[in-house]
Amino acid sequence: MQVEGGAFSTPEFKEFSTKVVPFMHVTTRIEGRKDEGLLAEKGGRGFPYIVFMDEEGGVLAVQGERTVAGFQKTLADKVQRFLDLRAKAKAGDPAAQIELTLLEGDLGRISFEEVQTRLKGKKLTDEQQAMLGDVELGAMISELQKSEDEAAAKPRMKRIADTFASGRLPRDAEKKQMFLQITLSYAVSEEDPDLVEKAFGPLKAIYEQQLGNDPRVQEWARKIEDKIAEMRDAQKGSGSDSGIEEGCGEGCGEGSGDK
Amino acid sequence: MRNAVFLLLLVAVAAGEESLEERLAEKLKKPFAKNALWVLDFGEAKTLAAEKGKVIFGYFSRSYAP
């Protein structure tokens with residue numbers, strides 16, 4: 001992992017680590033090992049995953065930038081904001097209660113259903129409504145990731161694909177990318193060239209923004225375009241299988257992370 | 001003789017393939033793991049956070065693959 005030889009090996013991190021409780025969880029695949037599934041429980045979808053948590057283990061903020069300056073900024077901004085909101089909500093501030101509920105839903109601390117229950121009858125601002133929509137879409141991804149087998153996953157993928165087809169996408173960059181990847185994968189499995197094409201364009205734009213003219217992106221795009229052509233041909237009565245992937249390969253299109 | 005050859009083969013395979021436990025041990029020997037007082041037990045991390053009034057900085061990694 002790049003962060004181990006990078007940020008975690010610096011004197012600045014040594015100093016930063018004294019301000020928090022530095023906890024390292026290692027997924028080992030050793031059978032029966034305690035807390036082996038903790039990554040998924042805390043909302044992790046790949047490696048490395050860095051989060052700030054409270055004393056009960058509830059997620060306070062997910063870390064993006066993997067630098068000591070980034071850790072300090074998250075601690076000062078996002079973590080502090082959560083703690084301030086929680087204190088205000090506890091003191092009875094109605095605006096803080098709404099914000100906190102939305103934030104807890106976004107972080108996966110509470111289910112989308114719980115968010116809806118808590119916000120029932122409350123008047124939300126436009127931004128809060130948009131955030132509620134993001135919480136709903138994020139919950140769809142989380143639900144899919146909890147699928148134990150393909151049979152359970154398929155209807156959840158369909159729900160995401162249908163939601164995308166209706167014009168909705170998460171605002172968060174990582175969730176948006178996942179939504180598109182899931183939709184593309186589902187559309188390929190369903191031999192739906194229109195939906196493949198619809199998800200392919202924005203997903204290709206994301207990969208190109210992240211990786212520029214990386215040959216893996218070009219190769220992946222070529223395969224998708226071939227697949228779309230094959231599916232269209234098949235609709236006319238002929239076709240074959242090009243065996244494409246929804247993503248552009250290992251380590252490709254995963255932002256700054258080395259998942 | 002055949003048993004001896006089989007045994008040698010087994011030893012050779014074992015030497016070439018690290019166990020999951022060995023991979024974990026290797027991970028924890030890396031220099032970064034010594035640069036902070038990393039807590040490896042989640043329960044202990046929560047207890048320390050409560051006692052010290054600090055938040056937990058959770059790093060999730062893996063040892064089964066590079």
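1. Strand 1 of chain A and strand 1 of chain B (residues 56-62) pair in the parallel sense over seven bridges. Helices (H or I, at least four residues) and strands (E, at least two) are DSSP runs numbered from the N terminus, and two strands pair if DSSP finds at least two bridges between them. In this pairing A:Val26 stands opposite B:Ser61, and A:Thr27 stands opposite B:Arg62.

2. This is a predicted model, in which local features need pLDDT of at least 70 and side-chain atom pairs count only at pLDDT 80 or more, while totals for chains, interfaces and linings use all residues. Residues are numbered from 1 along each chain as its sequence is written, and chains are lettered from A and ligands numbered from 1 in the order in which they are written.

3. Axes are lines fitted to C-alpha atoms, for helices over the stretch in contact, and angles run from 0 to 180 degrees between N-to-C directions.

4. The contact between the chains takes 39 residues from chain A and 31 residues from chain B; two residues are in contact if their C-beta atoms, placed from the backbone, lie within 7 Å. On the side of chain B that touches chain A, helix 2 (20-28), helix 3 (31-34), helix 4 and strand 1 of chain B each supply at least two residues.

5. Within chain A, the axes of helix 8 (residues 150-165) and helix 9 (residues 173-189) come within 9 Å and cross at roughly 110 degrees. The two helices of chain A are therefore roughly perpendicular, a term for angles of 65 to 115 degrees (under 35 is roughly parallel, over 145 roughly antiparallel, the rest oblique). Among the residues that meet are A:Phe164 in helix 8 and A:Tyr186 in helix 9.

6. Chain A has a mean pLDDT (the predictor's confidence in each residue, from 0 to 100) of 91, and 92% of its residues reach 70 or more. Over residues 254-259 of chain A the pLDDT is below 50.
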